[in-house]
Amino acid sequence: MAGIKGTTAFVFTGGGSLGAVQVGMLRTLMSYGVRPDFVVGASAGALNASYFAGGPDAAGVTALERIWSGLRRADIFPFTLASALGLFRPGGYIVDPSGLRGVIENNLPYRRLEDARIPINIMATDLQGQSVCLTRGLAVQAVLASAAIPGVFPPVEIDGELLMDGAIAANTPLRLAVQFSASRISILPTGYACALKDPPTRAVGKILHAITLMIAWQLMRELELIPESVDVHLVPTLCPLAVSPFDFSASHELIERAAESSKKWIEEGGLTRRALRKSLRLIVIEFLRRHRTGGPTPTSRGTPRRTRPRNCVPLWNEAACRAF
């Protein structure tokens with residue numbers, strides 16, 4: 001893909017079960033005739049990117065909706081006594097990856113990445129924290145590597161190198177799309193659970209929540225670095241969002257909400273407005289000023305009180321999304 005100009009890229013970020021949001025975004029983008037020349041995906045976004053690359057049309061998105069609507073937590077994170085005991089062995093991990101492998105193998109319509117209908121670029125991370133772009137080879141292995149959350153799933157060996165979750169790389173899928181000379185980029189973020197009533201209690205839930213927060217901050221930083229010559233758009237995430245990235249029971253609801261939110265965004269001119277660095281910076285500064293974590297606000301009687309739950313710091317609200 002390097003050197004190709006005048007092309008459109010879809011960038012799929014990670015986010016666990018919140019990856020269902022991207023399916024709703026895809027449905028709306030397809031209905032408005034927005035189609036990419038290539039896709040880039042990392043972590044959970046690698047699953048959606050790879051499926052979409054095999055069916056980059058409305059029918060393919062419909063099939064992807066059926067997959068997500070039928071997923072359950074146990075399909076991806078099947079906990080067993082054996083996997084729990086694996087933490088105490090060298091190379092230990094919590095979850096047996098056979099469930100995730102089965103979901104990929106049973107649904108992906110091609111065997112090798114180069115056989116996809118449009119170019120697919122899967123982003124993983126090496127043990128030094130550097131991004132590794134996978135464009136050829138076994139698709140199942142590439143997606144497993146990109147989704148291999150450290151400590152949750154085992155790393156995946158490809159060409160003699162151990163690879164893990166693409167979401168933790170020094171570079172993001174967005175920067176990778178720029179490196180491949182995309183002139184137009186549509187980012188499909190998953191967002192994060194900004195309105196959970198209580199913090200996640202399970203270990204994997206905590207890890208996934210932390211990763212979605214990290215991805216949100218990475219995205220803000222990367223948007224500030226995108227050259228002005230690149231036309232970049234950020235499809236709005238859902239807020240408020242009270243679904244944990246460890247909860248697969250709300251996939252249908254997330255798809256429908258995202259489809260409607262994306263439709264509203266497009267009709268209000270979202271695809272005609274570039275995600276401006278200055279606008280993004282002002283939005284974040286203002287939002288953090290109003291919604292600080294843990295910072296007490298004095299009452300009229302001088303007694304400190306919290307303005308919002310400790311674990312709820314939405315970086316993206318409706319006003320912020322419209323600004324993109």
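**Entry 1: overview**

I am working from a predicted model. I looked up the secondary structure to begin with and found 12 helices and 10 strands in the chain. Next I checked burial: 54% of the 324 residues count as buried. Among contacts with a separation of 6 or more, 77% come from residues 24 or more positions apart.

**Entry 2: α1 against α2**

I picked helix α1 (residues 20-31) and helix α2 (residues 44-54) and looked at how they pack. Two packed helices are described by the angle between their axes and the distance between the axes, so I noted both. The angle is about 35 degrees and the axes are 11 Å apart. The crossing of α1 past α2 is right-handed.

Which residues of α1 and α2 meet? On the α1 side I listed Gln 22, Val 23, Leu 26 and Met 30; on the α2 side, Gly 45, Asn 48 and Phe 52. I sorted the residues of this contact into four nonpolar and three polar, with no charged ones.

Then I checked how covered α2 is, and 11 of its 11 residues are buried. The buried ones include Asn 48, Ser 50, Tyr 51 and Phe 52.

**Entry 3: Phe 52 again, now as a ring**

I went through the aromatic pairs and counted six. One of them is Phe 12 with Phe 52, a tilted pair at 6.3 Å centre to centre and 45 degrees between the planes. Phe 12 sits in strand β1 (residues 7-12) and Phe 52 in helix α2, so I noted a link between parts of the chain 40 residues apart. Are Phe 12 and Phe 52 buried or exposed? I found both of them buried.

**Entry 4: Phe 77 and Phe 153**

I looked at this pair next and found it stacked, with 5.6 Å centre to centre and 15 degrees between the planes. Phe 77 is in the loop between α4 (73-76) and α5 (81-85), and Phe 153 is in the loop between α7 (139-146) and β5 (156-158), so the pair ties together parts 76 residues apart in sequence.

Why do I call Phe 77 buried? Its relative accessible area is 5%, and buried means under 20%. Phe 153 also counts as buried, at 5% relative accessibility.

Last, I checked which rings group together: Phe 77 and Phe 153 form one aromatic cluster with Trp 68 and Phe 248.

Terms used: Residues numbered from 1 in each chain as written. Predicted model: local features only at pLDDT ≥ 70, side-chain atom pairs only at ≥ 80, totals over all residues. Heavy atoms only, no water. Helix = DSSP H or I, 4+ residues; strand = E, 2+ residues; numbered from the N terminus. Buried < 20%, exposed > 50% of the residue type's maximum accessible area, 1.4 Å probe, protein only. Contact = heavy atoms within 4.5 Å. Axes fitted to C-alpha atoms, helices over the stretch in contact; angles between N-to-C directions. Left-handed = near helix turned anticlockwise from the far one by under 90°. Nonpolar A, V, L, I, M, F, W, Y, C, P; charged D, E, K, R; others polar. Phe/Tyr/Trp six-rings, centres within 6.5 Å; stacked < 30°, edge-to-face > 60°.
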